[in-house]
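I opened the notebook to look up a handful of local features in this model, and I record them below in the order in which I checked them.

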Amino acid sequence: MPRPGSWNPLGATYANGATNIALWAPDAEQVELCLFDEDDEETRIPLLDRTFDIWHGEFPDVGPGQRYGFRVHGPWDPPQGLRFNPAKLLMDPYARALDGEFAVGGAEGDPDHRDDHDSAPYVPRSVVVGDDGFDWDGDAPPQVPWENTIVYELHVRGFTMRHPDVPEDLRGTYAGLAHPSVIDHLLGLGVTAVELLPVHHFVSEPHLLNQGSANYWGYNTLGFFAPHAGYSSNGTRGEQVTEFKAMVKALHDAGLEVILDVVYNHTAEQGPGGPTLCFRGIDNRAYYRLDPDDPARYLDYTGTGNTFDVSHPHALRLVMDSLRYWVTEMHVDGFRFDLASALARSMHDVDMLSAFMTVIEQDPVLREVKLIAEPWDVGPGGYQVGEFPHLWTEWNDRFRNTVRDYWRGQAGGVQDLAFRLAGSSDLYADDGRRPYASINFVTAHDGFTLRDLVSHNEKHNDANGEDNRDGSDDNRSWNHGAEGISGDDDPDIRGLRRRQMRNLMTTLLLSTGVPMITAGDEMGRTQYGNNNAYCLDNETTWVDWSLRDEFAEQHELVQHLLELRRTHPVFRQRRFFEGRPIYPGGRKDIAWFTPGGTEMTSDDWYDDARVTLGMFLSGDGIRTRGRYGERIIDDSFLLWLHAGARPVDVCLPGAPWAARYSVELDTAEGRKASVHDAGATVGLEGRSCLLLRVQR
């Protein structure tokens, strides 16, 4: 018999030799705690006490490492949105760790009729986690300002599975990511933050398991508090929690921030025919958005079959408790919210004053960490780029599309390119946001790698088992004359592709905003044309570290570009350019030039055939001041971008812009460092970038 225990906190809490269990289930008729011994024998114990719709009890013989779950009794009435089924073992929504895999143990059957097969042999167990005694030893968040941030998006498993210097037993784990050789690579590259693809415990969809594959990316969350057990090298009875903390501490010690890609917009339970694993069996009507005209069906703004309903007070509390837990207990530095528009919906429409957005903004913990929105979902009105509130930054797909189109010769002029280079003021300036609201990217986990972007005209997703129907058809890519990386056998094609990779990376890393690099793009990673490799956990998706030597030039270019960003605040603007001097008689903070060395006119901006653009960044035109109010003065730079196939001559602007220029970087091959007088003519190779530093 359990002691009464307490209704607060929710979940399993171990203290003073006993574990308190608390589960919110307002419409349940009975809740049973299910304990599993080492032989996986189940003992069911009814929770006898209920306070404020929370079922609770204290168990003196239950401690850390104990595996458990719930069976929740209540009415099965899908037309009313009720799907209670005690045959289904349910995970604790507040579980700090999960043990075991999800397996397909027979279909759930008709979603309109209750399936009475016992699910216990096929689902993970929740695990009681106590105080692991982890010593943070003064760990503090690096707190890198947004304008100084360089995001590096990576997959915990895929990043180290092929790393030659990481011990085999640590590859693909949290400990592997914390290995000194991995941290040395990140620091040597010059990034400031790692953005981890989902590490909340996730499971694979039944259709993937049935075809012998698995969910690799992890956008199929089951446990909002539990580190994914599959990334642990030490065990899954709570050891994954300690290992995750050790990884965060090691990254912090190196000055690197840890940002989590989180999926609160949907869960792994899918639509009505999906598996019942947790929320559906505890309170289907509270946790999910149901069709008000037919509560047996789900509103799906995510494309996964369900939408988590953060407009409900308890579902919102669960998400907020989860976010605070990862900051306060696990010491992460921020979050990238998958399909964030789905979280911002009130009734049906996206509402930036919704409960979720309002609570985030007033929360004293969360308003201090990095918040990144994927500013869209698949529902009506879901595309919200440029619309999130002040505290938020956003993935800027307008940057991605414009830059891709420009370098493949399909941009239709340079007007939109200039907006992207200068921080996308057209998207973020009107409501008082800053340039760093724009997370600039050319590639991400979803889509082609940088190398594939210049090697393929079409996606090649046959390995996914969906007859190449999955993945986007809007890739804005160009194979430069031959489909696939085998085209690199032709020296001319290989040379042009490598130059285009340098062009794309140079554009990304010298643009105003916050750049995001996809892991492996600095060393020519390929997925062989697969632009949706979410279900491939193999060498297709694992970073191939042997490419570092073959693409050493690309790696060195990224290092050089990031060093330029780090040392020159002119590339890290905290306010938008205004196109005028900050002091009378000075140079404009930014100016745009034609190949003839004259400033762009209105006719030039609306010339759809224009493929060459010069951008002058004035080091004495920085509009923000230093920490103590001092004026910030930097070198000035002139960046030429030329997307045309043929070479072009450009004239270097004279007074008041500069008297002399030195070559800082040239993405074309063969140019040596040199100095040019203002007014001189300089040749640009076809499809190339040239960065010049103004000589003082």
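I take helices (H or I, at least four residues) and strands (E, at least two) as DSSP runs, numbered from the N terminus. The model is predicted, so I note that local features need pLDDT of at least 70 and side-chain atom pairs count only at pLDDT 80 or more, while totals for chains, interfaces and linings use all residues. Residues are numbered from 1 along each chain as its sequence is written, and side-chain values use heavy atoms, with hydrogens and water left out.

I looked up the bond from alanine 655 to proline 656 and found it cis, with omega near 5°; proline 656 sits in the loop that joins strand 27 (648–651) to strand 28 (660–666). The bond from asparagine 8 to proline 9 is also cis, with omega near 5°, and proline 9 belongs to the segment before strand 1 (11–15).

For phi, I found a positive value of about 55° at phenylalanine 52, in the loop between strand 5 (49–51) and strand 6 (54–59). Serine 424, between helix 11 (415–421) and helix 12 (425–428), has a positive phi of about 60°. Phenylalanine 52 is exposed at 60% relative accessibility, whereas serine 424 is buried at 0% relative accessible area (buried is under 20%, exposed over 50%, partly exposed in between, with a 1.4 Å probe and protein chains only).

Entry on histidine 445. I located histidine 445 in the loop between strand 22 (438–440) and helix 13 (450–453), and it counts as buried because its relative accessible area is 10%. Its side chain makes a polar contact with that of tyrosine 219 at 3.2 Å (a pair of N or O atoms within 3.5 Å; within protein, one must be able to donate a hydrogen and the other to accept it, and residues adjacent in sequence count only if both atoms are side-chain atoms). Beyond its neighbours within four places in sequence, histidine 445 is in contact with residues including Glu153, Asp261, Arg336 and Trp395 (contact means heavy atoms within 4.5 Å).

Entry on aspartate 492. I placed aspartate 492 in helix 14 (residues 491–510), where it is exposed at 66% relative accessibility. Its C-alpha atom is separated by 41 Å from that of alanine 254, which is 238 residues away along the chain.
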